[in-house]
Amino acid sequence: MRVAIITETFLPKVDGIVKVTCLLLDHLSKRGIEALVIAPRYGESRRYNDVPVHSVPSLSFPLYPEARLGFATLSLYRDLASFQPDVAHLFHPVMTGIPTMMMLKWMDVPTVTSFHLDYARLAPQFRLGALDLGFARPLIDELTKTVFNWAEASLAPSKPVQRQMRRLGIGNVGLWRRGVDADAFHPRFRSRAMRAEMTAGHPEDTLLLYVGRLSDEKQIEHIRPALEELPNMRLALVGDGPARAGLERCFAGLPVRFMGYLRAERLSQAYASADIFVFPSRLETFGLVVIEAMAAGLPVVAARVGGVGDMVSEGVNGYSFESGDQAMLLEGVRKIARDRATMRRMGQQARVYAEGQSWEAIMNELIEVYAGLIAERAVT
């Protein structure tokens, strides 16, 4: 089996989509399945481990400088034709993915799309001068429906997103759930040095943790009341993004550490060395960092978006709340932090849940989707 993976973002950028892409590529290699990555050019890398990467020319996206817009070229078609994929997986096709899908259709390659970013709900946070781009939501929804229906199969990361896709009019929507590497994210990575770093030398305090992009839709400023109203509370923010300067102003004078991007063992240590994971985002398709935190043994307080409702059992491994409800966020933190025994018990239950969410099983389910599309094409 040869699989072409087309994505709108890739290394060296680090985000949830890139994490899932790399995990998939690792699993394909483990299964002996050949892959080719097509992505906008972020750096000079031509390979990911043993997987070739075709980097298409790209431009920085003015409204979100961390992102790049890729453009398909004739050399991409030549590389695709040379690779001769049996199936292609397009991660939420937009600038790079849509023209690439046209090429794949011309080559009669079966395609599967997966939903990763709700562009229509993101649009209102961007502005062109005085113009609020929220007016584009119906157009983006219609384009999403058209492009996803063009593929032979589509995949949602959670049941709420699956229902949303069906309401848009997208047919044949399956589930590609998210998992976690419960060995890479584990309580054993708890580190005194990391905790001291994240608490600025006050490891006895209760440490809240957020991991992810620092951007407006994450609503990280909603954590502020917990720091102001609850005693001996500190916050570490792992990640970076366009909202960092604003957040530094918002949290000025409060016990908050901006850790920047952390990778590999330092990221595992950051998760395991905190006490409570807080995730106030208003917009997610899944919330991969939530299950990573649970694997590290952290109870979570998270907005009820994406897959959070599938992961959080109220009062067992955490609390969820309606996005934007700062009072319930505060109450969730208060209930968990009231004593160390509660925090420890809920963290243990979070770990138990995460241990049952194996990436290997989930990736094997995806490969079965690929095999089914290839078999259907062989019959026709």
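Author: Start with the term. Rings of Phe, Tyr and Trp (its six-membered ring) pair if their centres lie within 6.5 Å; planes under 30 degrees apart count as stacked, over 60 as edge-to-face and the rest as tilted. The model is predicted, so local features need pLDDT of at least 70, side-chain atom pairs count only at pLDDT 80 or more, and totals for chains, interfaces and linings use all residues. Residues are numbered from 1 along each chain as its sequence is written, and side-chain values use heavy atoms, with hydrogens and water left out.

Now the rings. One aromatic cluster is formed by F185, Y210, Y271, F277 and F279. A search of the whole structure gives seven aromatic pairs. Take F91 and W176. Their pair is edge-to-face, with 5.8 Å centre to centre and 90° between the planes. F91 belongs to strand β7 (residues 87-91), while W176 sits in the loop between β12 (173-175) and α7 (192-198), so the pair ties together parts 85 residues apart in sequence. Strands (E, at least two residues) and helices (H or I, at least four) are DSSP runs, numbered from the N terminus.

Is F91 buried or exposed? F91 is buried, at 2% relative accessible area. W176 also counts as buried, with 2% relative accessibility. Buried means under 20% relative accessible area, exposed over 50%, partly exposed in between (1.4 Å probe, protein chains only).

Next come F277 and F279. They form a stacked pair, 6.1 Å centre to centre with 20° between the planes. Both F277 and F279 are buried.

The charged end of R178 sits over the ring of W176, 4.5 Å from its centre. The test asks for NZ of Lys or CZ of Arg within 6 Å of the ring centre and within 35 degrees of the ring normal.

Look at strand β4 too. Five of the six residues of β4 (residues 51-56) are buried, so the strand is largely enclosed by the rest of the structure. Strand β2 (residues 34-40) runs parallel to β4, joined by four bridges. Two strands pair if DSSP finds at least two bridges between them. A39 stands opposite S55 in β4. Strand β3 (residues 47-48) runs antiparallel to β4, with two bridges. There, Y48 stands opposite V51.

Finish with helix α11. Eight of the eight residues of α11 (residues 288-295) are buried, so this helix is largely enclosed by the rest of the structure. Just after α11, G297 takes a positive phi of about 90°.
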